[in-house]
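Got the viewer open and the sequence panel handy? Here's a walk through the model, one selection at a time.

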Amino acid sequence: MLDKIKQFASEFFVTGDPLILGAQVSIGLSLVAILFVLTFFKKWRWLWTEWLTSVDHKKIGIMYIIASILMLFRGGVDALLMRVQLAAPQLEFLNPEHYNAIFTTHGVIMILFMAMPLMFGLFNIVVPLQIGARDVAFPFLNSLSFWMFFFGAMLFNVSFIIGGSPDAGWLAYPPLSELSGSPGLGQDFYIWGIQISGIGSLATGINFVVTILKMRAPGMKLMQMPMFVWSVLSSCITIMFAFPILTVTLFLLFIDRYLGAHFFTLDGGGNPMMYINLIWMWGHPEVYIVILPAFGIFSEVVSAFSKKKLFGYKSMVFALMSISFFSFFTWAHHFFTMGSGANVNAFFALTTMLIAIPTGVKVFNWLFTMYRGRLSFPTPMMWTIAFIPCFVIGGMTGVLLSVAPADFQFHNSYFLIAHFHQVLIGGVVFGYFAGLYYWWPKMFGFRLHEGLGKWAFWFWNIGFYVCFMPQYALGLMGMTRRFNAYDFDMGWQPLNVVSTVGAFLMGMAFIFQVWQIAHSIRFFKKEKDGDAWDGRTLEWSIPSPAPLYNFARLPQVTSQDEWWEEKQRIANGQPAKPLSKLEPIHMPKNSGIPFIMSLCWFVAGFGFVWDWLWMAIPGLIGVAICMLVRSFSYDTDYYIPVDEIERTEAALRGTK
Amino acid sequence: MAHAVSNPAGAHGGHGDGHHEEHHDQESMKMFGFWLFLITDVILFGTLFATFVVLRLNTDGGPTGAELLEMNGIIISTFILLTSSFTSGIAVLEMNKGNKRGLILWLAITALLGASFIFLEVNEFIHLVHEGANIGTSAYWSAFFVLVGTHGLHVSVGLVWMIALMIQLGRRGISPVTKRKVSIVSLYWHFLDVVWIFVFTIVYLMGVM
């Protein structure tokens with residue numbers, strides 16, 4: 001009996017690596033600590049009623065952001081481990097299998113479990129406030145999306161201590177990712193983790209398209225929406241068209257592995273290149289999905305800190321929308337070397353170059369917005385300023401890569417690695433940091449310490465260039481990606497050492513950010529009037545943090561930058577808009593179903609990974625029951641009475 | 001303002017209508033959201049069709065579709081599914097007339113037709129497996145079973161959904177909420193019919209040509 005248990009445990013847990021053993025112990029200890037704190041302070045009920053069952057878009061947004069920062073930590077540790085391994089030739093810090101696992105999880109986590117949730121967090125917090133709505137279109141679905149993401153991410157992450165990490169690259173190309181190349185469980189964790197969270201992302205896409213098209217405040221025309229809302233709309237439309245492809249692709253890979261089908265295998269008539277085409281038909285739009293909202297954030301920040309209307313509003317909208325359209329016609333540039341012929345390569349090279357044009361238009365729009373503006377440079381603006389040159393360089397190396405014949409030289413080299421990190425860090429991460437710093441007072445009702453934020457900013461920026469500029473050179477010197485060791489005589493060591501130093505500078509920057517948040521909580525400076533930056537859009541017209549119902553009275557919108565115009569009108573001595581009568585506010589009730597249903601998905605996914613049908617089938621039945629219970633419940637909303645609104649408003653605004 | 005609370009029913013002109021309008025907005029928003037979901041489902045099926053078309057000749061020396069597919073059964077199940085689309089349309093017409101019994105009856109007929117479609121499909125799959133074509137036989141059969149099976153899975157989900165709706169209609173009658181639910185399920189049903197037309201044409205007709 002004891003032997004059986006030992007045998008099982010040795011297969012169940014990942015064993016034999018001191019690094020992972022350390023992680024297992026620390027994860028175990030922190031779990032015990034969390035359980036203890038929750039029980040000791042009797043916080044279980046609070047956690048359940050205030051957070052886990054909440055359908056409030058602001059709380060869901062905060063949970064997304066917390067999860068994404070945790071994932072940033074894990075992905076960042078992966079990155080540092082890789083850089084340590086590459087700092088010297090033939091180092092034996094990580095063995096080859098472990099190195100494979102780490103570059104795989106680094107990629108998946110950073111894109112799908114860090115960038116995506118950080119983006120959804122900002123969508124959730126900002127979009128309803130900017131369009132003057134009280135919640136998203138489908139609050140229940142919104143909560144479900146979050147928990148699907150969360151449990152998907154957990155399923156993916158648990159592979160590192162239970163069962164083994166995936167190690168076939170972040171997009172898991174077959175035949176390596178087939179049973180023949182990856183017989184372990186890691187690849188199944190990959191499939192189910194991404195599948196479950198991907199369904200959540202798809203639902204978020206639909207949810208926000210409906211929210212933006214149907215729930216704008218009275219009077220707000222499409223062409224008066226804040227630019228961030230436009231960018232969310234373009235990103236969500238792209239999600240709607242791209243994510244079903246991911247769902248199908250992963251499902252087919254699963255069927256190959258689980259039922260022995262032959263979609264992407266080398267035998268039985270399968271076609272591995274079909275997978276590579278499909279995954280990039282999702283994957284390329286995916287990078288635009290994450291970058292478009294960053295463009296929206298920069299537009300908001302530039303205009304707020306230049307005290308000017310955004311330059312070229314219409315061209316900005318046109319640029320966003322054309323990027324989301326063209327993003328679907330560039331996928332083959334990821335494998336010009338596939339051998340599909342000159343005509344196919346020429347087409348995809350041209351579309352790739354074409355998509356740089358609207359991006360260039362945007363850069364000029366931001367520059368012209370700043371031109372002759374009354375500029376100030378708090379941290380959100382600093383990230384924006386840093387983004388522009390960084391993204392321009394990244395974009396130009398992208399255009400170099402798009403030249404198909406030249407790409408045969410660059411393909412899968414460190415030149416490519418440097419390029420996509422430059423657009424993803426310099427574009428997406430800088431953008432989301434700008435957004436996080438900009439909307440932080442709105443989310444939490446207090447300000448972040450600016451000085452520490454500036455330290456973090458400089459460490460990130462200097463670290464970034466020190467880390468990635470050498471990699472362009474390394475790529476041209478012939479270093480290919482996914483190497484875990486190189487020989488002494490390659491001459492790659494000096495630049496690799498520089499790159500590793502840069503990575504650790506960025507690691508320091510992250511510590512500064514954590515310190516900044518901790519410090520700002522410790523020396524809490526309450527945000528008083530809700531308009532932290534003398535802002536232009538509607539989210540700044542309400543208290544920080546926003547009350548449950550956001551707007552006591554739905555705002556009447558007559559122009560772009562409504563809140564700024566309103567402040568100008570009052571400053572010019574015009575009377576403020578008359579206050580309409582308060583009415584009871586219709587709100588959705590909290591629900592535990594999203595949490596339970598996503599947990600059931602987790603159970604089902606875990607069962608499929610281990611091929612335990614006794615676990616997978618009850619999990620799926622649980623999912624079905626949750627859906628039916630929801631379908632049969634009709635009592636899903638309530639009204640907040642007027643006197644409660646009055647009390648809340650008086651307390652928040654400190655008046656009356 | 002306080003009296004508006006103490007006497008909510010009294011404010012008939014004001015928020016009595018407001019509530020109604022909010023409800024109406026909610027239902028129309030859900031309808032719109034479902035249309036968007038259908039777009040994503042179109043992409044899902046589009047990807048499966050593309051995969052099928054790419055792999056349609058990859059039979060790896062094994063049986064081909066033309067050898068094993070039997071058109072007679074497929075034509076019957078096609079007519080059954082098309083008819084069920086028609087009966088679900090009648091159900092919606094009955095609902096618009098306010099006839100609860102007719103609505104439930106026609107939904108039940110629709111579900112019955114759907115169930116017989118699924119029954120025929122399962123029989124066809126069993127038959128194919130006996131003939132030596134299963135999901136692991138070749139890329140062609142992998143693509144065949146997954147494409148046709150995904151459609152079948154959609155129909156089966158629709159069946160469960162319809163039964164749940166009939167129970168809700170029995171309990172609650174025709175209200176704005178149940179009305180929206182019936183409209184959505186019938187939209188879904190018509191959509192699956194359209195997908196089936198493509199399955200019938202691309203997988204079966206072109207397969208045996």
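Keep in mind while you look around that the model is predicted. Cys600(A) takes part in no disulfide, and the nearest cysteine sulfur, 4.6 Å away, belongs to Cys626(A).

Now jump to Cys467(A). Buried or exposed? Buried, with 3% relative accessibility. Cys467(A) is in no disulfide either, and its nearest cysteine sulfur is that of Cys390(A), 12 Å off. Searching the whole structure turns up 0 disulfides over all chains.

**A serine between two helices**

Next, pick Ser413(A), in the loop between helix H13 (404-410) and helix H14 (414-444) of chain A. Ser413(A) counts as buried, at 3% relative accessibility. Show its side chain: a polar atom there lies 3.1 Å from the backbone nitrogen of Phe415(A). Then bring up the neighbors beyond four places in sequence, and you'll find Ser413(A) touching Gly475(A), Met479(A), Thr480(A) and Arg481(A).

Time to look at some peptide bonds. Go to Pro174(A) and Pro175(A), where the bond joining them is cis, with omega near 0°. Pro175(A) sits in the loop between helix H6 (139-158) and H7. There's another cis bond from Ser544(A) to Pro545(A), this one with omega near -15°. The loop holding Pro545(A) runs between helix H16 (493-522) and helix H17 (562-571).

Stay in that part of the chain and select Asp561(A), also in the loop between H16 and H17. Its phi is near 55°, a positive value in a residue that isn't glycine. Asp561(A) is buried, at 8% relative accessibility.

You'll find Arg372(A) in the loop between helix H11 (342-370) and helix H12 (379-402). At 74% relative accessibility, Arg372(A) is exposed.

**Over to chain B**

What pattern does chain B follow along the sequence? It reads α-α-α-α-α-α-α. Of the 209 residues in chain B, 48% are buried. Consider contacts in chain B with a separation of 6 or more: 83% of them link residues 24 or more positions apart.

**Where the chains meet**

Last stop: show both chains and select the contact, which takes 42 residues from chain A and 41 residues from chain B. About 3,700 Å² is buried between the two chains, with carbon and sulfur atoms giving 74% of that area. Which residues of chain A lose the most area to chain B? Highlight Phe263(A), Phe632(A) and Tyr634(A), which together make up 17% of what that side buries.

How many salt bridges does the rule find across the interface? The count is 0. Polar contacts do turn up: 7 residue pairs between chain A and chain B, both partners at pLDDT 80 or more.

To see what chain A brings, select helix H7 (186-214), helix H8 (227-259), helix H9 (272-306), helix H19 (613-632) and helix H20 (642-653), each of which supplies at least two residues of the side touching chain B. The largest share, 9 residues, comes from H8(A). Color that side of chain A by class, and you get 28 nonpolar, 8 polar and 6 charged residues.

Key: Residues numbered from 1 in each chain as written. Chains lettered and ligands numbered in written order. Predicted model: local features only at pLDDT ≥ 70, side-chain atom pairs only at ≥ 80, totals over all residues. Heavy atoms only, no water. Contact = heavy atoms within 4.5 Å. Buried area = accessible area lost by both parts, 1.4 Å probe. Salt bridge = Lys/Arg side-chain N within 4 Å of Asp/Glu carboxyl O. Polar contact = N/O pair within 3.5 Å; in protein donor to acceptor, adjacent residues only side chain to side chain. Helix = DSSP H or I, 4+ residues; strand = E, 2+ residues; numbered from the N terminus. Nonpolar A, V, L, I, M, F, W, Y, C, P; charged D, E, K, R; others polar. Disulfide = S-S within 2.5 Å. Buried < 20%, exposed > 50% of the residue type's maximum accessible area, 1.4 Å probe, protein only.
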